[in-house]
Amino acid sequence: MNTTTILIVAVAVLAVLGAIVVLTAARRKDATGVLSRETRSRDTDADVKAKGRDYEREAVAARSTALAVPQSVAVAPFSPPDPEVIGVSRRQFFNRATITLFSAGLGGFGAAVISYLWKGAEGGFGSKINAGKLDDIIAGIRSNKGFLYLPEARAWLTEYPKESLAKAEAVYGRQAPVFTGMQAGIVALYQKCPHLGCRVPNCPTSQWFECPCHGSQYNRVGEKKGGPAPRGMDHFAVSINNGSVVIDTGAVFGGAAIGTNTTGQESEGPHCVGSTGGH
Ligand code: FES
């Protein structure tokens, strides 16, 4: 087949296809049809157009997301609840419990303070204590082998030798209430060790005071003889009232300095604290 024949066949095929396209388009136009004059007139009527716009407006309003305005509601006036109905609330319970406990604690503390002051006012340690007649006290000291313990005053009573008063005046003269007792023949020594506060007992054999805690030793009138104590035993103020000895346990005077030895009393036997004895 030559080129000319091919071209002729191609043109013929294109012509047939073009004819088919034209015929198909013509048939589709026939299938759609044409509206009648009445119909076209009705579609263009103004009234129909107006109704269409109304429908569209209603549809838009239905799709609207605008928030609805709530209606106002009247607020009811507040009326407090009846306490008898609700009983005791948790807050009331805790408030009352706190006040009760605080009051009880404060009351207990106040009672303790009053009791302490009352005791001091009526006697006991911290107040002036009547120890009894001077002669009876001297006799008591001698019958107890040189030492008389007065528990309510927490004090040891011992004799002070009259022949040592001259030396005593040089050491204790500035502590008038202490020297007054010495002049009457006695000293009142605080039982508390001036080192670290242990109770110091007497030693019947050495006739000294010997502390069991760290071994401090004092002669019979409380002057330091050995151990770690920083001074002699402390003294209470002593006064003589109508022959009675009054010890003021609220007035404590510091013991004599280390090295003081107004009575010259040396150990009269084995010591109670150390190698020869023990408490
Ligand atoms: S407390 Fe008395 S010697 Fe230490």
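Two residues are in contact if their C-beta atoms, placed from the backbone, lie within 7 Å. With that term in hand, begin with the whole protein, which is shown here as a predicted model. Among its contacts between residues at least 6 apart in sequence, 57% join residues at least 24 apart. The protein has eight helices and 10 strands, and of its 279 residues, 21% are buried.

**Helix H8.** Select residues 176–184, which make up helix H8. Which residues of H8 are buried? They are Val178, Phe179, Gly181 and Met182. These four lie on the same side of H8, because they cover an arc of only 155° around the axis. An α-helix has 3.6 residues a turn, so residues three or four places apart point the same way.

**The E9–E10 hairpin.** Finally, keep E9 and E10 in view. The two strands run antiparallel and are joined by seven bridges. To inspect one pairing, select Ala237 together with Asp248 in E10, which is its bridge partner. What lies between the two strands of this hairpin? There are two residues between E9 and E10, and Asn242 in the turn has a positive phi of about 55°.

Notes. Residues numbered from 1 in each chain as written. Predicted model: local features only at pLDDT ≥ 70, side-chain atom pairs only at ≥ 80, totals over all residues. Buried ≥ 20, exposed ≤ 12 C-beta atoms within 10 Å, placed from the backbone. Arc of directions from axis to C-beta. Pairing = 2+ DSSP bridges.
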